[in-house]
Amino acid sequence: MLAQNSAYQPDPNWRVPQDAAMKPNPLARKPDAAAGGKKLFLRNCTECHGQDGSGLVKKHAADLQLPVVQNQSDGTLFWKITNGNPDRGMPSFSKLPEPQRWQLVLFIRKLKPEN
Amino acid sequence: MRLAYIALFAFSLFASVTLQAQESPYFVTYDHHLEEPGNLEIETSSTVGVPRAGQHWFFAPYLELEYGVTGRWTSELYLEGQSTAGDSAIFTGWRIENRFRPLAREHWINPVLYLEYENINEASRIRKEIVGAAPELNESNAELRATRAHELETRLILSSTAHDWNISENFIVEKNLSENEGFEFGYALAVARPLATLASGKNCRFCRENFIAGVELYGGLGTTQGFGLHDTAHYAAPAISWQISDNTSLRFSPAIGLTHGSSPALLRLGYSYEIRGFSTKLARLFGAKP
């Protein structure tokens, strides 16, 4: 499977409301919760984003390691996981409880190349 | 007769061998979560009906193939059967169901539009919806299977998430295109919540996060000829789902009949298996490049 969608460009129409973008991660002081986030990531996200989060070209999935993703706020990532972008292939994960979606955000932070 | 029972059991078992994450525990009520695009979920479920005096036990298994066509459209095919104690085991028909999410984002209330075509006979007992008046359960399968029913079922699904609780309401309208009997109405209401909302770091089968518990309330609301609660069937059903592994889950719900027109109890069991990236795997099988 061809990974590393390094040419990924975010959908300019996938706009996050300001108040949602400002939300802090309530688990930010619980880094241990990232382990649960990894488990959730492997279960729900690797099909399109790959195990290292670099994104499958064929799926047009975001490379989560890219600065264009990593520079987004925790609240933005949480909102995008919650709502998805169904017309561009990203499903909504609102079926996951809210704390689990914040765990995913914690884990996505660990996908930075320096980690 | 015995062969028919064995065939039904084998059908049920085969389906269970061939069968996601955070699977809803509901059997009748739908929430707003659709199948992820390109994924196929294979589910085998069964409804066991506990009889009233003078009636017979019945066992109604069904196989469900649920496919995420797009992020806002899920389609399902059902194949169903039925076996009545002291009578026969028969195939009762098939259904095609489609669910559409008109709104792209999560809202306080999330509407989903539902349209189903049923080509079944009157012996169908899976009880995926309870509509109209209370059913007659005294006729034999031989009599019932002779009467085919082409039905259209529509639902307005409203579903919300509040503090990790799912609250869903379904309003059902069904029309039997084979008979001039007007429209039948029904409802289904449900709430559910995971037993734990934080995922542990370890892979565990019996962690509380793998269980979702809830309760459903569903029943008929009569027909255009007689709208209301008179002579209708209603059930209250605690329900639980258990995510056994990344792609398998089990659901159980004992429904208690609340009115004289209801069966005293319905026992429901479902087992599902999800094939992630089914469309990609299928395309690869036919030579598409990875």
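This is a predicted model: local features need pLDDT of at least 70, side-chain atom pairs count only at pLDDT 80 or more; totals for chains, interfaces and linings use all residues.
Over all chains, the structure holds one disulfide. That disulfide is formed by Cys204(B) and Cys207(B), whose sulfur atoms lie 1.5 Å apart. The torsion about their S-S bond is about -120°, so the disulfide is left-handed. Cys207(B) has a relative accessible area of 13% and is therefore buried. In chain A, by contrast, Cys45(A) takes part in no disulfide, the nearest cysteine sulfur being that of Cys48(A) at 8.9 Å. A disulfide requires the two sulfur atoms to be within 2.5 Å. Cys45(A) is buried, with a relative accessible area of 13%. With a relative accessibility of 24%, Cys48(A) counts as partly exposed.

Attention now turns to charged pairs. The count comes to 17 salt bridges over all chains. One of them joins Asp11(A) to Arg88(A), with the closest N and O atoms 3.4 Å apart. This pair links distant parts of the chain, as its members are 77 residues apart: Asp11(A) belongs to the segment before helix 1 (18–21) of chain A, and Arg88(A) to the loop between helix 5 (74–83) and helix 6 (98–109) of chain A.

Asp87(A) is exposed, with a relative accessible area of 57%.

Within chain B, the side chains of Arg101(B) and Glu106(B) meet in a salt bridge with an N to O distance of 3.3 Å. Both of these residues are buried. Elsewhere, salt bridges that share partners join Glu80(B), Arg95(B), Glu116(B), Glu118(B) and Glu129(B) into one network.

In the nonpolar patch, Val69(B), Trp73(B), Phe100(B), Leu113(B), Leu115(B), Leu152(B), Leu156(B), Phe171(B) and Leu177(B) together have about 730 Å² of accessible area. At least two residues of this patch come from strand 5, and at least two from strand 6 (148–162), of chain B. Trp73(B), another member of the patch, is found in strand 3 of chain B. At 32% relative accessibility, Trp73(B) counts as partly exposed.

The other patch is one of negative charge, in which Glu122(B), Glu136(B), Glu139(B), Glu143(B), Glu179(B) and Asp231(B) gather on the surface. Among them, Glu122(B) lies in the loop between strand 5 (110–121) and helix 2 (141–145) of chain B. Glu122(B) has a relative accessible area of 33% and is thus partly exposed.

Conventions:
Residues are numbered from 1 along each chain as its sequence is written. Chains are lettered from A and ligands numbered from 1 in the order in which they are written. Side-chain values use heavy atoms; hydrogens and water are left out. Patches are made of residues with over 30% relative accessible area and no salt bridge: like charges are joined within 9 Å, nonpolar side chains (Val, Leu, Ile, Met, Phe, Trp, Tyr) within 5 Å. Accessible areas come from the Shrake-Rupley method with a 1.4 Å probe; for residues, only the protein chains shown count as cover. A salt bridge is a side-chain nitrogen of Lys or Arg within 4 Å of a carboxyl oxygen of Asp or Glu. Lys and Arg count as positive and Asp and Glu as negative; His and the chain ends are not counted. The place of a charge is taken as NZ of Lys, CZ of Arg, CG of Asp or CD of Glu. Helices (H or I, at least four residues) and strands (E, at least two) are DSSP runs, numbered from the N terminus. Buried means under 20% relative accessible area, exposed over 50%, partly exposed in between (1.4 Å probe, protein chains only).
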